[in-house]
Amino acid sequence: MIYQDKLKVSTVVSLGLVCSLFLTCFYMRLQFMGSLANINYLFYLSFSLIVLTSKRIKVDGRELFLLAALIIHASIINEVNEVSLKEIMYSNLMYLLPLIILVIEVDPKSVFGTNLLFKLLKSFNFFVYIIFAIYIIDTFTNFAIMKILTHTVISGISSWVPTSARIFSYRYASFMGHYLMNALIYNMFYLINMCYIRSNGKSIISPKTVIIISLIGVLSTGSKTGILILLTSILCFNLKGKRKIRNIIMMIILTLILYYIGLFDLVFSRLNNESLTTGRNEVWNMIFAQNELNLRIFTGYGESIDSILTSMVGETNTAIAKEYPFLILLYKFGFINVIGMLYFILIKPCIKAIKNGNGMIAFSILMIFIEINMFNGYLVLTDTVLLYLLFVMVLKLMDNKKIEAN
């Protein structure tokens, strides 16, 4: 009976966590809730069930103290820079309070943890299938599905959905929002499925299907960084094993097929017409040249950094500058605070994975961390922060035995 209860609760938790990000995504909440959409209530409610129902959780007191110190430190920085109480609360809800997801750890070897991992992965895959299926249908129906959605429940992304376009000539935005957000989701899909295959010796979905969906999906977004990260990941995951030569040959053949049917045209056209960083480096060079901002070790400019940058380089260039979110966070909160954030979301899980002999888990976390640093989602959308933290949480649930030999 207890065993069945754990399975039921872990299933409910996994559905709640994933559905909160996909089924009730930010732009859908925005349509019906306005400014209240900035808090993903269903995500936190689902996560609270882990704390309330699972006895096999671990909470490191020192890490809890460190997180509290980071929150107080960030609040003081904002207060000193005369940031309003509402902005201070939003800032903490956006960047720091969500880190509790990684402070409270589920025992990956428990019945609850094992089923939670399996259900999280199945639920995540399900919504990726939906995004991919809508893309395929829209490609041949002049965006029929996305037009219906933007006219009813997600009007906030209507500017990203073209009225008409030639096949393979447009960047595809799903109900999750911006093209780069979708590229991020497809790369997460590839990495967590490949890590699961290594950790369990079996797959929920065929590796070939994972590659095809991920490759076509990322190419559909036109993301230069996204396709570079995916190709690097595919190469690294196929450099080991008995079938590495066959896998690499098949990968080359698939890439050539996609190239000749035109799926790479969008990425190549963007590479020809834009710099690799799409103006980000150029804007930051303008900021550095003025020599008015200083990176500080203990303090920062808080949420007022937006208005400071706008006065320096204008609103449009400020939006481009925010495409490097962790550089902005350094100016907001200083080195000490941001290093504390990085400890939770990058340093600790990567070091632990490497110590456990699971270098590919550390590699996967690093790849997605690089990707979230190439667009402003982590700064402006709470769901981007939660999606990244959920990705790390899933990989930590896999990091309970050595998988490199598989």
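This is a predicted model: local features need pLDDT of at least 70, side-chain atom pairs count only at pLDDT 80 or more; totals for chains, interfaces and linings use all residues.
Local features were considered at pLDDT of at least 70 and side-chain atom pairs only at pLDDT 80 or more, whereas totals for chains, interfaces and linings use all residues. Residues are numbered from 1 along each chain as its sequence is written, and side-chain values use heavy atoms, without hydrogens and water.

Helices are DSSP runs of H or I with at least four residues, numbered from the N terminus. Helix H9 spans residues 179-200 and reaches 32 Å from its first C-alpha to its last, close to the 32 Å expected at 1.5 Å times one less than its number of residues. Of its 22 residues, 21 are buried (under 20% relative accessible area with a 1.4 Å probe, protein chains only; exposed is over 50% and partly exposed in between).

In helix H2 (residues 26-33), the buried residues are Phe26, Tyr27 and Arg29. These lie on the same side of H2 because they cover an arc of only 155° around the axis, taken from the directions from the helix axis to the C-beta atoms. Gly34 follows H2 with a positive phi near 65°.

As for the cysteines, the whole structure holds 0 disulfides (sulfur pairs within 2.5 Å). The cysteine sulfur nearest to Cys19 is that of Cys25, 11 Å away.

Key
Helices (H or I, at least four residues) and strands (E, at least two) are DSSP runs, numbered from the N terminus.
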